[in-house]
Protein chains: 2
Amino acid sequence: MAVTQLSDAERRLWLRLYRSENVGPIAFRQLLQRYGTAQAALDALPDLANRGGKRGFRAFAEADAAREIDILGKLGARLIAACEPDYPGLLREAEDAPALIAAIGHAHIWSKPSVAIVGARNASFNGLRFAEDLARDLGDAGLCVVSGLARGIDTGAHKGALATGTVAVMAGGVDVCYPPENKGLYDRIAQAGALISELPPGISPQARHFPRRNRIVAGMTLGTIVVEAALRSGSLITARLAGEYGREVFAVPGSPLDPRAKGTNDLIRSGATLIETAKDVLDVVLRRSLAEPSNGREESPVKNSNIMEKDTEAARAAVLERLGPVPTDVDEIVRECQLSAPAILAALLELELAGQLERYPGNKVAKRA
Amino acid sequence: MAVTQLSDAERRLWLRLYRSENVGPIAFRQLLQRYGTAQAALDALPDLANRGGKRGFRAFAEADAAREIDILGKLGARLIAACEPDYPGLLREAEDAPALIAAIGHAHIWSKPSVAIVGARNASFNGLRFAEDLARDLGDAGLCVVSGLARGIDTGAHKGALATGTVAVMAGGVDVCYPPENKGLYDRIAQAGALISELPPGISPQARHFPRRNRIVAGMTLGTIVVEAALRSGSLITARLAGEYGREVFAVPGSPLDPRAKGTNDLIRSGATLIETAKDVLDVVLRRSLAEPSNGREESPVKNSNIMEKDTEAARAAVLERLGPVPTDVDEIVRECQLSAPAILAALLELELAGQLERYPGNKVAKRA
């Protein structure tokens, strides 16, 4: 994605497109790539959804977009599009990066090499202190510390890095402090660091929002550090996403007798880097930070002009016939259908816009129940 | 090394050769291979040492060997040579395996798949209990547990496996219980398990004996498990040797705030397998136990008849000129000297017997100070 500053009008069109029904981050990118501008994509939406099997599709209204931007302005928040220079550079490279984020505070802070520190909400006293000390040491070494403002480890991480730079990625709207008892910390981060969210302001976080928040935490950082996590903990999702994005995964070990170490020990067994000190993290992350390319990732070449309606019709039928509720690799679908990749991708986009299909990380899709 | 039962007379000759001055385990193997029998090697010793630069070399006296065997008999101990069927099979494959071990107790016990459990002498209460439980679980699963009868983790490991089978490798003579407070455990292992040593009876352990004992612990087992170890702990030597022998290395993780976990966390970072339960060990060890070949390792073909005295003379000079006090790979010496490998190996053997050269694990040698 080419990095360019948008006009306010263009940014509003981006927001309309991103907030339109069934337009997820991946569909957004494909639409933008196929139609060149958000306006052209908005114009094409009803027809695409219609082809996917949905009648009467209506894009997100201009007035609603204007109202959201107005509310954000009153909150002191900025809307930053994925193509804009202030957008977190590493996040832009994630395939399912939000098309837009709302940010309160210092949006320049994540231009430093960033790491995520996440972990158990019911952290031990030692774990909490460890997270805070680690965040302070990493901050002192020049890193920005990203976390999710949750209870426990997240709270420790933000506190430790308040003086040097920390970003809280909110699970709900950027103005909704969750958990409520972290309001004091929320305010201090707004002053000294940054708060971001891809959701509209006013939205209270629900269960399904947390994994989506976690992907932003993993996606905007060079690596994710897990400090204390039981098995099947949300932090392990963040770690898995970091791995899928090709980022570093770090875990703090613990005694087998400590249930809060089950998840981190398991991560280490699965290949995460065992860390005990900030230096262990810095050794890996700063080397990586120097090696990381600053330009965006390659986009797959899907040109509108190459796709004929009869091709996508055949592709839609083939995809619908084969696709079930189990997430399937898009590459595998292309292979199995023996149709051109652009036709399949176009068909998937249409089905997605029509609400028939769901995207999953790692370039996978499933039929909606 | 071909597996064969020795006569009492042959075993006494093995003991004489092994107890002769400057004859370490590697020299012993080379001598036996070159001269075919212990008697022939004993006959050749003075001349070889003389060529290496030492006058008046005397082999270990027959009467002294007879006396040692007599004492062992009175202690209820057996002497087992590396070529004999009762010798631990995996230990036989280690390049620096003792030519003979003295054993008290049930010498068949190590024919089960064996693992070592070692660790900190100043173990925590949790570490101690963990070692005991782990040993019990591994014993119940059919494994023999090997350790060093030291305070702390070793003690816990032996206790846990008393009912199922445990071997204590002594740092001094097989009859010398160290530390003294483990006399009760020593007696119970003598009854229910086995005690072994490569040193003559009556020898009190000294600092230099511990790493040599540790190589036996690592050498006779499929893998070494380290439960709690500070940095620069003796258990880490056992783990390193296990790695050098190509065996598994397991380590129990711990909190970065626990100094007793520094060594084990460090091992994990260096590639050791993180374990939390007996199952984690069994998954690896039993698979390996099935894959492990039962026959001995290949010996390098060094034939006496091929080596001319003038070749070894040139080789001795070349080796002495180049070798310093830093351990150097024998293969590198062969490459650098540009002389035949058999001549170099013969020269190294002569220099070793003459006390001019010291062997190190991993096929390395250094000049003696």
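Predicted model: local features only at pLDDT ≥ 70, side-chain atom pairs only at ≥ 80, totals over all residues.
Chains are lettered from A in the order in which they are written, and residues are numbered from 1 along each chain. Local features need pLDDT of at least 70 and side-chain atom pairs count only at pLDDT 80 or more, while totals for chains, interfaces and linings use all residues; side-chain values use heavy atoms, without hydrogens and water.

**Exercise 1.** Describe how chain B meets chain A.

*Solution.* 
- Start with contacts (heavy atoms within 4.5 Å): 18 residues of chain B touch 18 residues of chain A.
- Next, take the buried area, the accessible area (1.4 Å probe) that two parts lose on being put together, summed over both. Here it is about 1,500 Å², and carbon and sulfur atoms give 62% of it.
- Then look for salt bridges (a side-chain nitrogen of Lys or Arg within 4 Å of a carboxyl oxygen of Asp or Glu). The two chains share four; one of them joins the side chains of A:R269 and B:D280 at 2.9 Å, N to O.
- Finally, find the helices, which are DSSP runs of H or I with at least four residues. On chain B, α6 (125-140) and α11 (262-269) each supply at least two residues of the side that touches chain A, and α11(B) gives the most, with four.

**Exercise 2.** Which strands of chain A lie at the edges of the sheet?

*Solution.* 
- Strands are DSSP runs of E with at least two residues, and two of them pair if DSSP finds at least two bridges between them.
- Write out the order: β1-β2-β6-β5-β4-β3-β7-β8-β9, an open sheet of nine strands in chain A with mixed pairing.
- Read off the edges: β1 (77-81) and β9 (273-274) of chain A each pair on one side only.
- Check β9(A): two bridges join it to β8 (residues 248-251) of chain A, and the two strands run parallel. In this pair, A:A251 stands opposite A:L274.
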